[in-house]
Amino acid sequence: MDFGDEPEGSDSQRQRKRYHRHTPRQIQQLEAMFKECPHPDENQRAALSRELGLEPRQIKFWFQNRRTQMKAQHERADNCFLRAENDKIRCENITMREALKNVICPSCGGPPVDEDFFDEQKLRMENARLKEELDRVSSITSKYLGRPFTQMPPVPTMSVSSLDLSVGGMGSLGGPSLDLDLLSGCSSGLPYQVPAPVTEMERPMMVDMAARAMDELIRLAQAGEQIWVKGVPGDAREVLDVGTYDSLFAKPGAAFRPPDINVEASRDSGLVFMSAVALVDVFMDTNKWMEFFPGIVSKAQTVDVLVNGLGGRSESLIMMYEELHIMTPVVPTRELSFLRYCKQIEQGLWAVADVSLEGQRDAHYGVPSRSRRMPSGCLIADMSNGYSKVTWVEHMEIEQMLPINVLYRNLVLSGAAFGAHRWLAALQRACERFASVATLGVPHHDVAGVTPEGKRSMTKLSQRMVSSFCASLSSSPLQRWTLLSGTTDVSVRVSTHRSTDSGQPNGVVLSAATSIWLPVPGDHVFAFVRDENARSQWDVLSHGNQVQEVSRIPNGSNPGNCISLLRGLNANQNSMLILQESCTDASGALVVYSPIDIPAANVVMSGEDPSGIPLLPSGFAILPGSGAGASSSAVVPPPGCVVTVAFQILVSNLPSSRLNAESVATVNSLIGTTVQQIKAALNCAGH
């Protein structure tokens, strides 16, 4: 049918006239007006109509729709806050129940009298009230979202697996694909709400808060033994004397802390191979910040630029959001929003101060109000020889809501997991790696004869591989991990996500990981898993065949810090190579690898841009561990390390595919076998 023959005013013409797409200019001016006046009167709508070339009726409907959207956003924010409060109450409920089991009557040694110790009925009533409130807000939110709103999942400590698999009995492996709702985009975990940009009313208060934090940081960085004391005997690291700190810095009445608040405060200093100005650029650029600290910072972004200082450096003030993690699925990430203030104190001396947002603004956006970064940061002194002396102060008050996994309990509670020592060691390693890139023109012995351009390309690809591997081990609320009940001796957790970017194969990617304690020094484990001559002893996919190093790029003073290109000696697998990076510093070690095909390797070694080469990295994260809980019978457990073993596999090339039981069983067996072979090779199979 020729639509040009339709009579004027026909139904089809009226239907097409209902749809109107505003231009970017129209939307921009409508948004600007909405910020000033969400409810314009008839005169204002008429003026907009003339200015934008729209009918007054269209202006009226646009403002109505925009107000509805804003209301929905506020409802979602309120809902997130209520969900967080509800989750907190449930966690406290569980903690008190567990504590009740171990309480005894001081008079007779028997079980306590319920009414004297724990009023369970009150908790039930409070939880019921919170649930009613949560249901009410969820129903309101659902109305604006146009779909049912998923509430919080059960608290993880209740240990009800969301995987309804019979992998343990192998009963469902031969059946059809299972509809496992594990995709990260479908996760019902509580996402952190990134704060909104600072309003004009808040700006003076934020500037004052940052200035006070800078003053405190400088005093802390330069303070002597009266406030900083040595930690464990034989350890040079310094920890804060909390009592002295409170007497010098705390506001009146603010020194009291509830018993569930853990203070983590430490200081460390050392030389870093980078100029002070270049270091400041790293601190003030969130992309560089993540690139330098992939093992600590899983996500970071600049929320707002309050003051753009000279060259983006001196007197710059930004609001940042970041997620801090330990590379394991069993320790939740820490989500922080804070101000970062950079200032040049004098010629060659810089300071970068961080401090969490204060007051109700924090609580409104879902940040646990009693967990915060106290004034922290760095003093950076330029040494004029390419080096800088960095004094790092890290100070947090953390509310411990959930029990910490036994493997990482000492690391976290001691403050070492996110302490100044770990940050500084990671910075020294990153600067050393960065400097090595600049010297890639210097000839190195290379079996494959790779050009300097090819080495730079390989280094760039390897950097992306390591960052991707570290991010895959994040345990943020948006990346839900599920514990498998398999037949292996290790506890394997899995997570999935849809991969659509050029950095990974397109489709559904299954990540699987486990964390184990080994009674072997971490440097021994690192040397073993990075050694190509020992690879056949643990790499299940090598089928017992040897591998050969065809290219090697040193990127640090430690011989273990390097990028390698490995080739299997099996004739049936001569089309695949392995890209591997190994790195170690004072706080831990990483060995990350990914298979790449011959055409991709040729692209890299010829010096072309490697950004389009897809990678699925797997590997090992090695952290120091005391072995607490690893062997309950040992009176004094031997020193050792905690190792996270992680694999990623492509489940399907179709992004809409679902996970099936065969894939889960495969990766479960892969990790279990790898762990067994590593333990056997290191003579610790009984642990």
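## Close-up views of a predicted model

**View 1. Methionine 383 sits in a loop between two strands.** This loop joins β9 (376–382) to β10 (388–399), and methionine 383 is one of its residues. Please keep in mind while looking around that the model is predicted. Methionine 383 is partly exposed, as its relative accessible area of 38% shows. Together with Leu271, Phe273 and Tyr387, Met383 makes a nonpolar surface patch of about 360 Å².

**View 2. β9 and β10 form a hairpin.** Five residues lie between the two strands. In the turn you will find serine 384, which has a positive phi of about 65°. The strands pair in the antiparallel sense, over six bridges. One place to look is aspartate 382, whose bridge partner in β10 is serine 388.

**View 3. β9 also pairs with β7.** Strand β7 covers residues 349–356 and runs antiparallel to β9, with six bridges joining the two.

**View 4. Phenylalanine 293 meets tryptophan 392 edge-to-face.** A pair of aromatic rings is described by the distance of the centres and the angle of the planes. The whole structure holds 15 aromatic pairs. In the pair shown here, phenylalanine 293 and tryptophan 392 have ring centres 6.1 Å apart and planes at 75°, so they meet edge-to-face. Phenylalanine 293 belongs to the loop between α10 (286–292) and β4 (297–307), while tryptophan 392 belongs to strand β10, so the pair ties together parts that are 99 residues apart in sequence. Phenylalanine 293 is buried, with a relative accessible area of 1%. Tryptophan 392 is buried too, with a value of 3%.

**View 5. Tryptophan 392 stacks with tryptophan 423.** How are these two rings arranged, stacked or edge-to-face? Their centres are 5.4 Å apart and their planes lie at 20°, so the pair is stacked. Tryptophan 392 is in strand β10 and tryptophan 423 is in helix α13 (residues 420–438), so this pair ties together parts that are 31 residues apart in sequence. Both tryptophan 392 and tryptophan 423 are buried. If you widen the view, ring pairs link Trp392 and Trp423 with Phe283, Trp289 and Phe293 into a cluster.

**View 6. Serine 49 is a buried residue of helix α3.** This helix spans residues 42–52. Serine 49 has a relative accessibility of 11%, so it counts as buried; the cut-off for that is under 20%. Which residues does serine 49 touch, leaving out those up to four places away in sequence? They are Leu54, Glu55, Pro56 and Ile59. Isoleucine 59 comes 10 residues away from serine 49 along the chain, and 6.8 Å separates their C-alpha atoms.

**View 7. The whole chain gives the close-ups their setting.** The chain has 17 helices and 19 strands. Of its 687 residues, 48% count as buried. The chain exposes about 33400 Å², and carbon and sulfur atoms supply 54% of that area. Among contacts between residues at least 6 apart in sequence, 66% join residues at least 24 apart.

Key:
Residues numbered from 1 in each chain as written. Predicted model: local features only at pLDDT ≥ 70, side-chain atom pairs only at ≥ 80, totals over all residues. Heavy atoms only, no water. Patch = residues over 30% accessible without salt bridge, like charges linked within 9 Å, V, L, I, M, F, W, Y side chains within 5 Å. Areas by Shrake-Rupley, 256 points an atom, 1.4 Å probe, with all protein chains shown as cover. Salt bridge = Lys/Arg side-chain N within 4 Å of Asp/Glu carboxyl O. Helix = DSSP H or I, 4+ residues; strand = E, 2+ residues; numbered from the N terminus. Buried < 20%, exposed > 50% of the residue type's maximum accessible area, 1.4 Å probe, protein only. Contact = heavy atoms within 4.5 Å. Pairing = 2+ DSSP bridges. Phe/Tyr/Trp six-rings, centres within 6.5 Å; stacked < 30°, edge-to-face > 60°.
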